[in-house]
Amino acid sequence: PGPPWTLHAPADHAAPFLLASPHSGRDYPPDFIATARLDRDTLRRSEDSFVDELFAAGPSLGIPLLAARFPRAFCDVNREPWELDPLMFEDTLPSWVNTTSPRVGAGLGTIARVAANGEAIYGIRLPFAEAERRIRTCWQPYHDALSALIAETRARFGTALLLDCHSMPSHAVSTRAPAPDIVLGDAHGQACAPALVRTAELWLRERNYRTARNDPYAGGYVTRHYGRPHENVHVLQLEIARPLYMDEQRIEKTDGFDRVLRDMTDFVAMLANAASAWTQRA
């Protein structure tokens, strides 16, 4: 019942800044669990677990936080609405469905074929009607809410900066030495003003976080679709290494959670001030 997202709204929206957590949802529909061949814990490893909690102080700082309630393995809102793998479905997909994107090829379309460990989520083929249902009841309402929030922010302040908040598994950056703690994605300079990205990067480095930019995550659909600096909408994707704050196998917070929580709270306050100052200069 209710919308498939939660908006944690501040008493007063204080800056041209907003937060989103599209992959921290953990409301698993019973019929999805019944259809999946994987157990719940395996499915949960596709989540950006606890990311919404890491940024939960946003509303107390005057910054709204939009969080999806449904899990990424059920429907991924950081994809185009119709990125679907034809091998997953018993029907022939409509010609307008995007069946050839790199995300689809990797099994990670709007309706994922595989979980984070690479195992197939389903033991059967799904009807296309099931994909339609998820996209219309999860994907579309989430993006309706996000679009409205961005539009309201820009109308009030003249510009909007969205921080799209994610986490990354350790294996995603394990081949790099040293592995980054945080990856900032701005679609290779296309989605956010360079001055704002640089401000975020320098602040994180001053707090002893190893950072990388656009490698291996340059930003997904949200970053590329909404990030339009020429229209005064800026989007920056943030990926936090999960080992900093959680046990990836047990899906539990570790002692590092409190430190990351404090730092992300300070980071949000800094970016809110930076966005306001940058807007005034612009």
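Modeller: Glu53 is partly exposed, with a relative accessible area of 25%, where buried means under 20% relative accessible area, exposed over 50%, and partly exposed in between (1.4 Å probe, protein chains only). This is a predicted model, in which local features need pLDDT of at least 70 and side-chain atom pairs count only at pLDDT 80 or more, while totals for chains, interfaces and linings use all residues. Residues are numbered from 1 along each chain as its sequence is written, and side-chain values use heavy atoms, with hydrogens and water left out.

The partner of Glu53 is Arg26, the closest N and O atoms of this salt bridge being 3.4 Å apart; a salt bridge is here a side-chain nitrogen of Lys or Arg within 4 Å of a carboxyl oxygen of Asp or Glu. Because Arg26 lies in the loop between strand S2 (17-21) and helix H1 (30-35), and Glu53 in helix H3 (residues 51-54), the pair ties together parts that are 27 residues apart in sequence; helices (H or I, at least four residues) and strands (E, at least two) are DSSP runs, numbered from the N terminus. Arg26 is itself partly exposed, at a relative accessible area of 29%.

Within helix H6 (residues 194-206), Glu201 and Arg205 lie four residues apart, about one turn of the helix, and their side chains form a salt bridge at 3.6 Å, N to O. Here Glu201 is buried at 4% relative accessible area, whereas Arg205 is partly exposed at 40%.

The structure holds 25 salt bridges.
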